[in-house]
Each structure stands twice: as structure tokens, then as C-alpha cells.
Amino acid sequence: RANLSKSSYENELTITEALDLLKRMDDEKVGEMSRELTPVSRSLENTLLTIGKLAEEMENEKVKVEDEKFKPSVESSRKILVTSLKKESSFDFQAPSSIQEARIFQDRLHSLVERFGDVSGSHSKLLNTFMKKHTGKVKGEFDTITSLEKKTNKIIDSFEEERQPVTDSITVLGKTSQLVDSIQQQENGLKRIKDEISRLEAEDQDLDKKLLDLEKSSDYESNVKIMKELKLAHEEEMEFHKYLSDLFSHVVRALTKYSYGMSKGTSSRLQILMDTPWKIFQGISERGEEFHHGNQYHDINIDVESYKSLLIEVQKAVSTGKITLKDSGKTIKYFDMIIDSLPTLEKRSELITSKLRMLEQKKDHSVISTSEDLRRKLRDNRNVLDNYRLSLERLANELKEKKVSLDTLVKESENCLLTATGNQYALKVPIE
């Protein structure tokens, strides 16, 4: 919706200008209503003044009764009637100058009519029997007030009917204004999201370039190679552990039976043989560099030798029948296999451990850390980008729907303005 200048379209109005126009029209109608109610207010004041005077006359008049025993009752009724008439006639009914004052005036007048009706009804016998000369006058004034109420209702009803198109226009323009504000806020939000997406995309490109440059470097390529070798070495280590677990599983029952009644230290070593047999070479792993000097081998080999001695003891227990097993012959053979292969297994363990240690030492942790950090930042950045793009799409769809609703409201506003003013206006809104 283009914002054309008023010089191009004299009957083009902004929402604010349209509301100002309607307010002036409303003020004029209120003024007209107030002028029409002014004579009603004056007549009402005169009527109430007359009723007040009649109340004073009734108060001063001597009541004649044929039977004196009724006089106290008659006097009491007269006092109540006079008091009521004086009270009701003392109210001030100024001409209203606003819609709110007009409605209050209407409500008070209606209440006055009802109260006078109650007074005349409850004291009709007193008026008709003992105060006949005032009956006609009082009734006449009451009728005048009833007539003034009807006239007031007619004026206000006519005002409300004539004012309704203006009220409808103000209501629709208010909704239009609120929708315009909502659209403008969302457009600002949309711009902020677009700016943030642009910033994140630039950051993404920067991170991507840094990662690409890093991956092209010789340091990174050598580290990639080392990492692959490390992965293979770890896989080899896992396969070695599995092989040992499978090998020692054949003597687990014998080791278990042998552990009964043994010391805590011996039971602990037997448990290692059953659960994690590769740990018998742990001493080699912890002091592997000394292994290459050769002259320290015997010291390093102490742990393995102690486990070997323990295995021989368990095998002997099976052989002598100290430990009874269903397939003791097969178990003895497995013990022989394990004991005989310990030197070979020890060497294999040391080779794997040495390889892992060497590769870990060669690995450049800073390069790997930088690479992982860049990948993490890229991943996080792209997750945020995806969320912003989803928000952008959602907001754009909402804006599209709101702009369709705005077009409808603008047309409705223009039709309401035509009905209220009799003129065709084009409503100008600051939304493209």
C-alpha cells in the first residue's frame, strides 16, 4: 500500500487524521444533544421547584378529619409525603455536556420518575381524601416529569443512533491502528533477524575458511595420518584384550575354585587373571621405555613372572586333584598354552603399548584441539542459523497473513468513514 502525498489525493487520510475527523464529528453531535437537553433540564428544574412549593403548601395546610382518631395517622402520612417530595425536588439536574453526563442524567431522571410513582401510589388515599386541592397539581407535575423522561430518552436514543456510524468507524480504525503497530513491530523484528542471519553467515564463512586452511596445512595432514594410525593401534589393542579374555576364559573355573580361602592379595591377582588378564603386563606398560635398554628386563619382568608362578600353582592343583574339574585334562592343556605363550604375549603387549605411546607423543594436541574447536563452533553456529531461518520463515508467514487482514480492515474502515461522513476517503497506512 503506497503512501501517496495528500496533494495527489485530497480525500486521503491517515488513521490519526481520520480519528481526529471523527472526534470532531462526535463532539458536534454531543454538543447538539446537550443543546437539545438544555430545555429539558430547565423544565425539570422548574417542575421540581413547583413540587417543592407544593410540598411546603401541603406541610402548612390544616388537615380536616371527621373522626379525630384518624388524625395522627393522617398527619404521619402527610409528614412522610412532604418529606419525600422535598427530598426528591431538591436534586440538581444540570444540562449534560458529555455522553457520560447525558447517561447519568437519563438514569437519574428514570429513578426520579420511579420514586415519584412510588410516593404517589403509597399516599394516593391521603392526596385524594384529605388534600384534594393538591392532587391535580401534584399529578400534573409528576406527569410533566414523566413526559420529560420520554423526551430525554428520545433525544438520547436519536443521538446514539446517529452517533453509531461514528462509533463503528472509531472501533474499526482502532483495530486497524493496532494491527499496523503489530505489523511494524514484526517488521522491525524481521529486520533484526535478517541482520543476525547475515552476521552469522559471515561468521560461518570465516570459521569454514579457517578450518579449510587448517586442514590444508602439513601439520594437520600429518596429524590426520597419526590419528588414523592411533585408531588402528587402539583397535589392535582391543583385539588383543579380546584374545586374552577368550584364552583365559578356558581356565576361569579353575582360577575361581583356587581363590577360595586365599589371601586378599592372591584373590585380587586371581581376579585380574579372570577379568582383565592384559593387566598382568601393566608393569611393562608403565615402564616400557626401560624395556629397550635390555639390562632392566629382569626387573620389569617381575610382575609377569609372579603371575606365571600363580598360574603354575593353579595348574598343579588341577593336576594333583586338589581342584576337581569335569574336564581337567583340557584345562591343564590350556594352562600349558597360556604359560608357554606368556613371553610372546608380553612382547605383543609391549609393542602395542609402545606404538600407542609413540603416536600419542607425535600427535600435535594443539592442532587437533584447534580443529575440534572450529568444528564445534561451526556446528553451534549452523544450529543457531537454522533456528533463525525457521523464525524468519514463521515471521514472514505471519506478516503475510496480517497484511491480508490489514487490507480487509482498511477497506472496512473506508466504508465506515463513508457511512459516518458521507464522503469517500482513502485510508493511508505506513505499510508497504
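Predicted model: local features only at pLDDT ≥ 70, side-chain atom pairs only at ≥ 80, totals over all residues.
The secondary structure of the protein chain consists of 14 helices and two strands. The chain holds 432 residues, of which 35% are buried. Among contacts in the chain with a separation of 6 or more, 83% link residues 24 or more positions apart.

The mean pLDDT of the protein chain is 86, and 87% of the residues score at least 70. Confidence is highest in helix H7 (residues 252-259), with a mean of 95, and lowest in helix H11 (residues 297-300), with a mean of 40. Over residues 1-9 the pLDDT is below 50, and this stretch has 17 contacts in the model beyond near neighbours in sequence.

Helix H1 (residues 15-60) packs with helix H14 (residues 365-421) at an angle of about 25°, and the two axes lie 12 Å apart. Because angles under 35 degrees count as roughly parallel, H1 is described as roughly parallel to H14. The crossing of the two helices is left-handed. On the H1 side, the contact is formed by Ala 18, Leu 21, Leu 22 and Met 25, and on the H14 side by Leu 417, Ala 420 and Thr 421. Classified by residue type, the contact of H1 with H14 comprises six nonpolar residues and one polar residue, with no charged residues.

How values were computed:
Residues numbered from 1 in each chain as written. Heavy atoms only, no water. Axes fitted to C-alpha atoms, helices over the stretch in contact; angles between N-to-C directions. Helix = DSSP H or I, 4+ residues; strand = E, 2+ residues; numbered from the N terminus. Parallel < 35°, antiparallel > 145°, perpendicular 65-115°, else oblique. Left-handed = near helix turned anticlockwise from the far one by under 90°. Contact = heavy atoms within 4.5 Å. Nonpolar A, V, L, I, M, F, W, Y, C, P; charged D, E, K, R; others polar. pLDDT = per-residue confidence, 0-100. Buried < 20%, exposed > 50% of the residue type's maximum accessible area, 1.4 Å probe, protein only.
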